[in-house]
Amino acid sequence: MKRETLDKHSSRYAVGLMSGTSVDGIDAAVIELADRQEGSISVQMIAFENVPYPAAVRQEIFALFDPVQATVDRLGRLNVLLGELYADAALSVIAKAGLTPADITVIGSHGQTIYHAPQMEKLHGYDIHYTVQIGEGSVIRARTGIPCVTDFRPADMAAGGQGAPLVPFTEFLLYREEKRTLLLQNIGGIGNMTVIPAGCAQEEVFAFDTGPGNMIIDGVVERLFSGQLTMDIGGAIARRGRIHEGLLGLLKLEPYYSQPLPKSTGREQFGSSYIDWLLNEAGKQNVTPEDVVATVTMLTAWSIGDAYCRYVHGRYPADALIVGGGGSYNPVLVENLRREMEMLGVQVMTQEQIGQSSDAKEAVAFAILADYALRRQPNNLPNVTGAKRPVVMGKISF
């Protein structure tokens, strides 16, 4: 976010809450926004913190990823519980910012994605696609006293879009440059890329999910090192292993990588069932646990480079790729990605290297999206999601 003097006449504070597909916890950010003369906004982050989920809550969330276990009573109960946890996180980061709830204009909460089905299917004569995020906004509003915007994706999907990715709208506002074409690569549970051509207009931005980010890495680590680790901290396991070319070649055949744009994916594609299949194939080839982790770490880096070659390079040769999300803290993954991209002429940097925060980026984005929703301004990018028109995303609990 650009640190510049804000117009105090239009200045306001907002809170953003984000819980991603890795289910690590709640990212909470307080930002200050102000309108600029040309119709855009200025943004400055005031405070940020991450609140880990209690272990038992994390287990309950993972259980809901299985449709068989996601019964109505369990969904309803956890929807309210997460509302309580999100409210606590919001109040905590507001206090950290030295503010009170009365100072905050709006809270934007992405919620916890339980199921995302962006592809159309026929149901009783209707074209249907759907998404499920939980974390009750009415509870957040009741506990904090602040209007809360939640459930952003359905409005875009109702207009024909995939409801994802949503962050590119804010990336255009915050990162666009006149002379450089930038790629914004988030590596959370899923990887997603935003393409911001030099000097572009809003409708020229495009974005898509590149495939798995940390999801497969975390999944195989949790299975292969059960009871010891849930992620490859600092890339230590991958560093000890070697890339198994036979397994990597098989993984590259996944049809998602060659699907046309727009496209998005999630745990439904690369979750538990995929991990079962992958480890079964690794077993057939006698791949060691360390080599499995090294191989899937390389897969994430390859999928990003492959996506750039397939969908971006021919139209907008990029100058730089800026990496954010939890994957940016895995040095082996970043090294692999740097090799993939720099041989294509693209410089690779992390959010921290440009003075920003990988952890806070998506929480900041949902604070901005909520601010637009509260002011009844469109906050999707149809060119990114495939929606037929701009819409105001988010349901407001006043």
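Where does Arg 376 lie? Arg 376 lies in the loop between helix 13 and helix 14. The model discussed in these points is a predicted one.

1. Backbone at Arg 376. The phi angle of Arg 376 is near 60°, a positive value in a residue other than glycine. Most residues other than glycine have a negative phi. Arg 376 has a relative accessible area of 68%, so Arg 376 counts as exposed.

2. Backbone at Asn 286. A positive phi is also found at Asn 286, about 55°, although Asn 286 is not a glycine. Asn 286 belongs to the loop between helix 10 and helix 11 (289-311). With a relative accessible area of 67%, Asn 286 is exposed.

3. Cis peptide bonds. Most peptide bonds are trans. Ala 164 and Pro 165 are joined by a cis peptide bond, with omega about -10°; Pro 165 is in the loop between helix 4 and helix 5 (168-175). A cis peptide bond also joins Leu 261 to Pro 262, with omega about -5°. Pro 262 has its place in the loop between helix 8 and helix 9.

4. Salt bridges at Arg 12. The count of salt bridges comes to 16. In one of them, the side chains of Arg 12 and Asp 35 meet at 3.1 Å, N to O. This pair links distant parts of the chain, with Arg 12 in strand 1 (residues 12-19) and Asp 35 in strand 2 (residues 25-35), 23 residues apart. Arg 12 also forms a salt bridge with Asp 371, where the closest N and O atoms are 2.7 Å apart. Asp 371 is in helix 13 and Arg 12 in strand 1, so this bridge ties together parts that are 359 residues apart in sequence.

5. Is Arg 12 buried or exposed? The relative accessible area of Arg 12 is 11%, so Arg 12 is buried, the limit being under 20%. Asp 371 is buried as well. Asp 35, at 31% relative accessibility, counts as partly exposed.

6. Arg 375 lies in the loop between helix 13 and helix 14 (382-385) and Asp 35 in strand 2, so the bridge connects parts that are 340 residues apart in sequence. A relative accessible area of 28% makes Arg 375 partly exposed.

7. Another arginine over a ring. Arg 315 lies over the face of Phe 206, at 4.6 Å from the centre of the ring.

8. Aromatic pairs. The count of aromatic pairs comes to 11. How are the rings of Phe 152 and Phe 366 arranged, and why? Their centres are 5.2 Å apart and their planes stand at 70°, so the pair is edge-to-face, a class that requires over 60 degrees. The pair links distant parts of the chain: Phe 152 is in the loop between strand 6 (148-150) and helix 4 (153-158), and Phe 366 is in helix 13 (residues 361-374), 214 residues away. Both Phe 152 and Phe 366 are buried.

9. Tyr 256 and Phe 270 form an edge-to-face aromatic pair, 6.2 Å centre to centre, with 90° between the planes. Tyr 256 is in the loop between helix 8 (245-251) and helix 9, while Phe 270 is in helix 9, 14 residues apart. Tyr 256 and Phe 270 are both buried. Ring pairs link Tyr 256 and Phe 270 with Tyr 257, Tyr 274, Trp 277 and Trp 302 into a cluster.

10. The second largest pocket. The volume of the second largest pocket is about 650 Å³. Its lining has 28 residues, and Phe 62, Phe 65, Arg 267, Gly 271 and Ser 272 lie nearest the centre. By type, the lining residues divide into 11 nonpolar, 10 polar and 7 charged. At least two lining residues come from each of helix 1 (55-64), strand 4 (104-123), helix 6 (215-224), helix 9 (267-270) and helix 10 (272-284).

Conventions. Residues are numbered from 1 along each chain as its sequence is written. This is a predicted model: local features need pLDDT of at least 70, side-chain atom pairs count only at pLDDT 80 or more; totals for chains, interfaces and linings use all residues. Side-chain values use heavy atoms; hydrogens and water are left out. On a 1 Å grid over the protein atoms alone, a cavity is a set of points where a 1.4 Å probe fits but cannot get out, and a pocket is an open set with protein on both sides within 12 Å along at least five of seven lines; lining residues have an atom within 4 Å of a point. Grid points are joined across faces, edges and corners, and a volume is the space filled by probe spheres set on the points. Helices (H or I, at least four residues) and strands (E, at least two) are DSSP runs, numbered from the N terminus. Ala, Val, Leu, Ile, Met, Phe, Trp, Tyr, Cys and Pro count as nonpolar, Asp, Glu, Lys and Arg as charged, and the others, Gly among them, as polar. Rings of Phe, Tyr and Trp (its six-membered ring) pair if their centres lie within 6.5 Å; planes under 30 degrees apart count as stacked, over 60 as edge-to-face and the rest as tilted. Buried means under 20% relative accessible area, exposed over 50%, partly exposed in between (1.4 Å probe, protein chains only). A charge sits over a ring if NZ of Lys or CZ of Arg is within 6 Å of the ring centre and within 35 degrees of the ring normal. A salt bridge is a side-chain nitrogen of Lys or Arg within 4 Å of a carboxyl oxygen of Asp or Glu.
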